[in-house]
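Reader: I've just opened this one and would like to know what the labels rest on. Could you take me through them?

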Amino acid sequence: MEYYRVLVKGAIMGAKRRLAAVKAGILAVAIGAGLLVVWGGAGLAEEEPARVERDRLVIDDFSPKREGDSPTSKSWLAGGPAKVQIEKHEGRDCLHLTGPASASSGGSAIRAERSVFARRRPLDVRTYDGIRLTAKGNGRPYAIHLRTRATRFPGQYYRAEFPTNGQWQDIKLPFRKFMANSVVQPLDTGGLMSLAVVAGTNESDANIYIDEIAFYRERTMYRELTPEEERIIIHKGTERPFTGKYNDHFAKGVYTCRRCGAELYESSSKFRSHCGWPSFDDEIPGAVRRQRDADGVRTEILCNNCGGHLGHVFTGEGLTPKNVRHCVNSISMDFLSAEQREAQARAKAEQPDPNQPRTERALFASGCFWGTEYHFQRADGVISTTVGYTGGHVENPTYKQVCTGRTGHAETTEVIYDPTKITYEQLAKLFFETHDFTQLNRQGPDIGPQYRSAIFTLNEDQKKTAEELIQILRKKGFDVKTEVTPASKFWPAEDYHQDYYNKTGKTPYCHIYRKIF
Ligand SMILES: [Zn+2]
């Protein structure tokens, strides 16, 4: 972490270090000769990052007023026919990159590039997760190119593209999104040499403002550690023997990582070794990582999830049948009793999966289900629709049976929607606005109870909403024939009915939108 500290110190001093005049001379020659193509240190002025924050390492915020600084624009070199300026735009200090079509520029990309060297060393951003920029582009795609110790020629770089839409955007490009271009080695974030903003291929008229470019770190869910915990878990220290709280602890449960909470050891693997530290003869599969210790003799064990230091592992001591001893610092662990563990598992199972959108369901019948489905499919927030039959008394009915009008079913559309994007009330209004709810047991040419107007409700809230809307319609003078009934089983219709209008490219004959509410 020595290097990191150097960066912090550099930032505090607010000083930017550039190479001496010799290199500036090379730079001028390079620009004059249009030789920006050769990458090897020449061309770009050495430049330290602007500032270090807890979760960010700001490469440039394009702010002009830092004491004793030459204008930041000098750090950014134009590549190809690009024009690079530092200017104020909408109250922000920005890098402004413009340029003409790449075809007319002999194929050389439009880009703004700068070095990320500091103190003559490539930048180490291994503790960061990616690049973040605040930018406003003209709706075309742009890319960030990174060069590392492994890239030597102009065609070698790591590239990640991002779209723009004419608005200010906060763009995050995780390192894993960077694709190698003509380089065999994977991206080495420990040795970054330069960073470039590049107009997308087949670009015409590049135009992008960048307010800030930084390396970012996702906030982790790890527990904040006390200085003593940090000494052991991060800096691989060792607690004094016979002092740890789990040394002589034999309750039933599981030992977890103090830093990240991952389960490490079952209490059933704990044994009395009399060595002064908690000892286990087996780990939970996949929970513990081994690596050769700095002393070259012992084997260090680490939490496989967060890399926190646990202790060391020894074999061949003959202490248990498994012949293994994980010697773990108490301070690296927490303990969950069997009951606590069970309660946690239960609470977790009851929690909705945040990656799964919460969905709700609604059932509407408004005549021929092809037309009903057509309109619901097009509503924002609707995730999926299925046509089928509800409200009847025959199990698994066929279309033919329903068409007789004797099964009691109505042609129904099942709507699965995201309630954070569209409400049941909005869906019910759409239902009324796309069919003639004043007709009894028919919609236009389709006659029979299977074509009735109906809302099949799945809960009290849906029922209440439907009835309120009907009241509003009656006040407006409509003779509403829509029935509101608790839903019975929904039977999906035969495949050839699903998605009918999209499959045929036709539009509904009797479902036309008209605004009522
Ligand atoms: Zn951990």
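**What the labels rest on**

Author: Val313 stands opposite His326 in S21. Before we go on, residues are numbered from 1 along each chain as its sequence is written. This is a predicted model, where local features need pLDDT of at least 70, side-chain atom pairs count only at pLDDT 80 or more, and totals for chains, interfaces and linings use all residues.

Reader: What makes S20 and strand S21 a pair?
Author: A strand is a DSSP run of E with at least two residues, a helix is a run of H or I with at least four, and both are numbered from the N terminus. Two strands pair if DSSP finds at least two bridges between them. S20 and S21 (residues 324-328) have five bridges, in the antiparallel sense, so they pass that cut-off.

Reader: Which residue is the bridge partner of Glu300 in S20?
Author: That's His312. Strand S19 (residues 299-303) pairs with S20 (residues 309-315) over four bridges, again antiparallel. The two form a hairpin with five residues between them, and Gly307 in the turn has a positive phi of about 80 degrees.

Reader: Why are S16 and strand S18 said to stand at the edges?
Author: Six strands make an open sheet in the order S16-S17-S21-S20-S19-S18, with antiparallel pairing. S16 and S18 (288-292) each have a single partner strand, so one side of each is left without a neighbour in the sheet. Further in, S17 and S21 run antiparallel and are joined by two bridges, and Ser279 has Cys327 in S21 as its bridge partner.

Reader: What makes the phi of His274 stand out?
Author: Most residues other than glycine have a negative phi. His274 isn't a glycine, yet its phi is positive, near 60 degrees. His274 is found in the loop between strand S16 (270-271) and strand S17 (279-280).

Reader: Is His274 buried or exposed, and how do you know?
Author: A residue is buried if 20 or more other C-beta atoms (placed from the backbone) lie within 10 Å of its own, exposed if 12 or fewer, and partly exposed in between. His274 has 10, so it is exposed.

Reader: Why does Asp499 count as partly exposed?
Author: Asp499 has 16 C-beta neighbours inside 10 Å, so it falls between the two cut-offs. Asp499 has a positive phi too, of about 60 degrees, although it is not a glycine. You'll find Asp499 in the loop between strand S30 (491-492) and helix H9 (500-504).

Reader: Which residues of H8 are buried, and why are they said to line one face?
Author: Gln462, Thr465, Ala466, Leu469 and Ile470 are buried. The arc is taken from the directions from the helix axis to the C-beta atoms. Here the buried residues fall within an arc of 135 degrees, so they line one face of H8. The face turned away from the buried side carries exposed residues, among them Glu460, Glu468 and Lys475.

Reader: What covers the buried residues of H8?
Author: The cover includes S23, H7, S28 and strand S29 (483-486).

Reader: What makes a nonpolar core, and which residues touch the most other members of the largest one?
Author: A nonpolar core is a set of buried Ala, Val, Leu, Ile, Met, Phe, Trp, Tyr and Cys residues joined through C-beta atoms within 7 Å. The largest core has 46 residues, and Val197 and Ile210 touch the most other members. Its largest share, eight residues, comes from S13. Apart from it lies another core of 23 residues, including Phe376 and Tyr417.

Reader: Where does pLDDT stay under 50?
Author: pLDDT is the predictor's confidence in each residue, from 0 to 100. It stays under 50 over residues 1-42, and it is below 50 over residues 67-72 as well. The protein chain averages 84, and 84% of the residues score at least 70.

Notes. Contact = placed C-beta atoms within 7 Å.
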